[in-house]
There are 2 protein chains.
Amino acid sequence: MRLSRAFLPTLKETPAEAQIASHRLMLRAGMVRQTSAGIYAWLPLGWRVLQKVEQIVREEQDAAGAQEILMPTIQTADLWRQSGRYDAYGPEMLRLKDRHEREMLFGPTNEEMVTDIFRTYAKSYRDLPRNLYHIQWKFRDEVRPRFGVMRGREFLMKDAYSFDLDYAGAQKSYRQMFVAYLRTFARMGLKAIPMQADTGPIGGNLSHEFLILAETGESQVYLHKDLLEFDVLSQPVDYDGDLSPIVDFWTSRYAATDEKHDEAAWAQVPAEAQVSARGIEIGHIFYFGTKYSAPMGLQVSGPDGKMVTPEMGSYGIGVSRLVGAIIEANHDENGIRWPEAVAPFKLAVLNLKKGDAGTDALAEKLYATFDPDAVYDDRDERAGVKFADADLMGYPWQAIIGPRGAAAGKVELKHRATGERVELSLEDAIARIRGA
Amino acid sequence: MRLSRAFLPTLKETPAEAQIASHRLMLRAGMVRQTSAGIYAWLPLGWRVLQKVEQIVREEQDAAGAQEILMPTIQTADLWRQSGRYDAYGPEMLRLKDRHEREMLFGPTNEEMVTDIFRTYAKSYRDLPRNLYHIQWKFRDEVRPRFGVMRGREFLMKDAYSFDLDYAGAQKSYRQMFVAYLRTFARMGLKAIPMQADTGPIGGNLSHEFLILAETGESQVYLHKDLLEFDVLSQPVDYDGDLSPIVDFWTSRYAATDEKHDEAAWAQVPAEAQVSARGIEIGHIFYFGTKYSAPMGLQVSGPDGKMVTPEMGSYGIGVSRLVGAIIEANHDENGIRWPEAVAPFKLAVLNLKKGDAGTDALAEKLYATFDPDAVYDDRDERAGVKFADADLMGYPWQAIIGPRGAAAGKVELKHRATGERVELSLEDAIARIRGA
């Protein structure tokens, strides 16, 4: 993307309404624009990150055996009356009427709809287990939306729903999602900790939240510091095998959110290992048995011919919220520092002397090598503006090219995360960026 | 995807409510399920096709220089009051109030919102031209939704919006989209014809609809038969160059929808070249000048320092509707015949004797070669059921493997579109499928 032709605007002023770093930086870097309270348009820079985050979520869901569908945003009230949640759900549910005065709603979650879909087709035990997920925009009419995309009203969520014949099967599905979540967040460079959690309005009796630690987090959390050292990605995962060892390992140390905090158990954690901090919730998994399948009449015939009511779980990831969470965990006073896996572009080529033939040629060559995963700052702007914008937007690599270096065939390569700068030949610079 | 574990349900009965082939087949093949009138959930088979269609649209928009963003579904009424459309738009607009009684709506289109976004950032002539697009769910509260996803209420649309300094620039943007549309539809195997069209509620004075011919089409169209022979993809396109020759070529023959039909011009078409038919609209492009930029106060400083009101156009593709349109153009009495570019899976491996070691081994080997772009019918079902389902779901290739063939190392390969069947060695079958 050539910046002279791109729609990658930045704001010079820090917006007054933004209280936390991620919100401030997303507005300043032109990632999003608020179109009304808690509702955002994603501009090209933000949209690219959102897509990358979404794709990682998708790949790990697929790897764990979940199957993608897409449910609509608008649902009928009737469906929610079957589960009893229509009246129970508060003013956060956006209710509306269509032109025929039918009661509808903008879905805040999809337990009812997916149960309705599944009961239409699943007839026998052979149709189980199944795990269906979708990545779709949801609406929750927060009374006071804040923190940008971290607590917006219209937000992108991945929600998966598992259907099993019995408790043992449901536990297996739960563990598959537990492990998929660990891997999903690790791939984004996040240290997410599973914690015992409340089941809230979804219901059920087993639940974990996945949180990252951040000063601006809305939850108070308590955990054993060992959990911050555990590594997720070093072990290959066979999702059909027994995942208990991985789950047991990650639940072998104390970790709980405020609501589930147990002072007696906490006292057993050595004082030097106690970490009490703020956390941001980025995922939440629930086992809730037959809470929806029973009232909605989902039944399949079992191997012995008797009818069985499947056991269910649901598994959410806040996809748009993750973009904010990643920034909270990866920024400095100059801007964002994207982990490579979710960076909007891997490289920014900064041309410091447009019109100088050697500079232009070297810059174009490097840009062409990484396009479309690079931006080329070919604008008529001062070097200082280009440096500041590249730092703000947080591309993992900056290649700074001016006449002096170009004459010597040299590129100055800056690594955003470490601040390290080196002068390299074009070939070495390409190799360094590729190898990173 | 192994069918024994997949959520790829089919219906044996033809649903009574479905009046056209694509609707019937999408329901029978388990591509979608209606969750309320004109609102559909996309099941795995349908979702895969929708994603492929969406990706082709995206690639051609990007190639033409448009930049992707994502605007939210929920908009404020205030924005639409600025253009004057809030009151003008009829009951098709889904209006709602949030918990603070603010008037909102589920966007049926985005001219207002994108103009608002653009005016926030674009300050000078250097910020133009730009073309911003998004692929997002829209809602139009049709009084009588019908024909499945062809005229649903919640539907996926690609809408692009161009901003130019002057009329010449706007015409260039218009031509870029015109050509991108030709290529987009051709890549999906559709013969889409650009036709002079009414500008309708978008406004403006230049507009083309892109239609495919189909008996079930809702529009009456008149065209010169030469247009059905023209080829799109043989010429490479330089979107920065002069696209007039391509546009002129495609507009050199008579083609108009009912609303724009001109009997005098039609009489000039030789009788033997006159084609009068039904058509399905799959794209629509508009030039409308300053219709939105002027009332909404979008201005940038020109090269001479004077303020300029940019000229705009908008460009829509019905992404979810395209899935239905592709089926209308590609089916027979047994089911769907997917063009390869949008097929949910390229290959179905039909194992006719599960448990037979040789059959299983050969089937697994072929499946592994094409996974994840293949389904493996490993269900305990009769051969007839497997044949019928594979025909219904329309995978371009079927590999039929039974004990006799397996013993001889042979695969029976069936090409869904032509019905051709050949017996081949595994290697030759793989080559044939790859080469297609």
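The model is a predicted one. Chain B can be laid on chain A with an RMSD of 0.0 Å, by a turn of 180° and a shift of 0.0 Å along the axis. The two copies are thus related as by a two-fold rotation axis.

**How the copies meet**

- Both copies use the same surface, as 100% of the contact residues of chain B recur in chain A.
- Of the residues in chain B, B:L96 comes closest to the rotation axis, with its C-alpha at 2.8 Å.

**The five-stranded sheet of chain B**

- Here you will find an open sheet of five strands with mixed pairing, in the order β20-β19-β21-β22-β23 (chain B).
- At its edges stand β20 (374-377) and β23 (421-425) of chain B; each has a single partner strand, so one side of each is left without a neighbour in the sheet.
- From one strand to the next, the twist averages 25°.
- Within this sheet, β21 (residues 397-401) and β22 (residues 410-415) of chain B are antiparallel partners, joined over four bridges.
- On this pair of strands, B:Q398 lies opposite B:K414 of β22(B).

**Helices on that sheet**

- Helix α11 (residues 383-393) of chain B lies across β19 (347-351), β20, β21 and β22 of chain B, and runs at about 175° to β19(B).
- Helix α13 (residues 426-435) of chain B also packs on the sheet, where it touches β19, β21, β22 and β23 of chain B.
- The direction of α13 in chain B makes about 125° with that of β23(B).

**Strand β7 of chain B and its partners**

- Strand β7 (residues 130-139) of chain B is mostly covered, with 10 of its 10 residues buried.
- Strand β3 (residues 67-68) of chain B runs parallel to β7(B), and two bridges join them.
- Strand β8 (residues 154-164) of chain B pairs with β7(B) in the antiparallel sense, over 10 bridges.

**A buried serine in chain A**

- A:S162 sits in strand β8 (residues 154-164) of chain A.
- Is A:S162 buried or exposed? A:S162 is buried, at a relative accessible area of 0%.
- Its side chain makes a polar contact of 2.7 Å with the side chain of A:Y315.
- Leaving aside neighbours within four places in sequence, A:S162 is in contact with A:R130, A:N131, A:S173, A:E311, A:M312, A:G313 and A:Y315.

Notes
Residues numbered from 1 in each chain as written. Chains lettered and ligands numbered in written order. Predicted model: local features only at pLDDT ≥ 70, side-chain atom pairs only at ≥ 80, totals over all residues. Heavy atoms only, no water. Least-squares fit on C-alpha atoms with pLDDT ≥ 70 in both. Contact = heavy atoms within 4.5 Å. Pairing = 2+ DSSP bridges. Axes fitted to C-alpha atoms, helices over the stretch in contact; angles between N-to-C directions. Buried < 20%, exposed > 50% of the residue type's maximum accessible area, 1.4 Å probe, protein only. Polar contact = N/O pair within 3.5 Å; in protein donor to acceptor, adjacent residues only side chain to side chain.
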